[in-house]
Amino acid sequence: HGGRLIARALRHQGVDTIFTLTGGHILPILDGCVEEGIRVVDFRHEQAAAHAAEAYGRLTGRLGVAVVTAGPGVTDTITAVANAWNANTPMLVIGGRHLLRQELKGGLQEMDHPKLFEGITAWAATAWQPDRLSDYVATAARHAFAGRGAPVFLDVPMDVQFDEVDDSIVFPAVPRSNPLAGADRDTLDAIVAALPRCRRPMIFAGAGARGENHLAALAELLCAPTYLNSRARGSLRHGHPLLGNHSRSQAMASTDLV
């Protein structure tokens with residue numbers, strides 16, 4: 001069924017955990033996640049589930065996924081999505097949606113959800129066709145990881161989730177079509193050439209750091225005080241001797257930067 005196909009598509013994207021508050025509009029997806037071995041973490045409020053999905057994305061470098069019921073379940077995630085938008089966090093919110101046959105007929109918790117997310121997501125859409133669910137999930141993931149990263153939204157009507165599809169569905173390739181934004185090779189070469197001339201190098205790292213990285217090794221190689229923000233938090237263990245322990249303004253005033 002469509003719910004299991006969504007779960008299989010998520011697993012294909014490397015997702016091993018989803019965050020949710022159980023609701024009738026998303027039961028096939030939750031069932032599918034259980035069947036596909038994806039951990040389901042159930043919260044008492046959708047906003048908390050969506051914040052947890054963003055945290056998961058920041059800490060693991062994977063796609064954070066929140067699955068919420070239609071109407072108020074979706075609207076409860078908006079604060080977390082806006083936060084992910086400003087923090088450039090790759091994150092997918094999957095919302096339930098009323099039955100297709102009830103479109104514009106006042107179905108239970110009927111809302112046109114994607115319009116709510118137009119200003120705070122890189123992509124927002126409705127999955128209308130059950131046999132294209134793997135494409136919808138792959139498209140959402142590509143948009144989430146494009147550039148610096150961003151949240152995306154996909155809602156799925158209940159009957160699309162319940163419909164059965166051919167088990168021979170092809171899953172699109174995982175590699176992202178758009179590489180992460182970053183310095184070009186010439187700029188990196190110039191930075192590397194300048195580092196030996198630095199008397200007191202310092203590292204400021206933020207949203208560009210994703211998942212596992214080599215910040216700790218770089219800091220230790222340069223013996224550089226390191227200040228972390230946004231997704232870079234946690235790159236150096238708590239108590240690391242190079243982790244900045246005085247204000248940024250003091251550091252800027254007393255250090256020559258190249």
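Helices (H or I, at least four residues) and strands (E, at least two) are DSSP runs, numbered from the N terminus. This is a predicted model, in which local features need pLDDT of at least 70 and side-chain atom pairs count only at pLDDT 80 or more, while totals for chains, interfaces and linings use all residues. Residues are numbered from 1 along each chain as its sequence is written, and side-chain values use heavy atoms, with hydrogens and water left out.

**View A. Packing of helix α3 against helix α5.** In contact (heavy atoms within 4.5 Å) are Gln 47, Ala 50, His 51, Glu 54 and Arg 58 of α3 with Thr 79, Ala 80, Asn 83, Ala 84 and Ala 87 of α5.

**View B. The aromatic pair of Phe 19 and Tyr 56.** The whole structure holds four aromatic pairs (rings of Phe, Tyr and Trp, the last by its six-membered ring, with centres within 6.5 Å; planes under 30 degrees apart count as stacked, over 60 as edge-to-face and the rest as tilted). Phe 19 and Tyr 56 form an edge-to-face pair, because their ring planes stand at 65°, with the centres 5.7 Å apart. This pair links distant parts of the chain, since Phe 19 belongs to strand β1 (residues 17-20) and Tyr 56 to helix α3, 37 residues apart. Phe 19 is buried at 9% relative accessible area, and Tyr 56 is buried at 11% (buried means under 20%, exposed over 50%, partly exposed in between, with a 1.4 Å probe and protein chains only). Together with Phe 43, these residues form one aromatic cluster.

**View C. Arg 132 and the ring of Tyr 136.** The charged end of Arg 132 sits over the Tyr 136 ring, 5.0 Å from its centre (NZ of Lys or CZ of Arg within 6 Å of the ring centre and within 35 degrees of the ring normal).

**View D. Positive phi at Asn 88 and Gln 109.** Most residues other than glycine have a negative phi. Asn 88, not a glycine, has a positive phi of about 55°; this residue is in the loop between α5 and β4 (91-97) and is buried, with 17% relative accessibility. Gln 109 likewise has a positive phi, near 55°; Gln 109 is in the loop between β4 and β5 (123-126) and is partly exposed at 31%.
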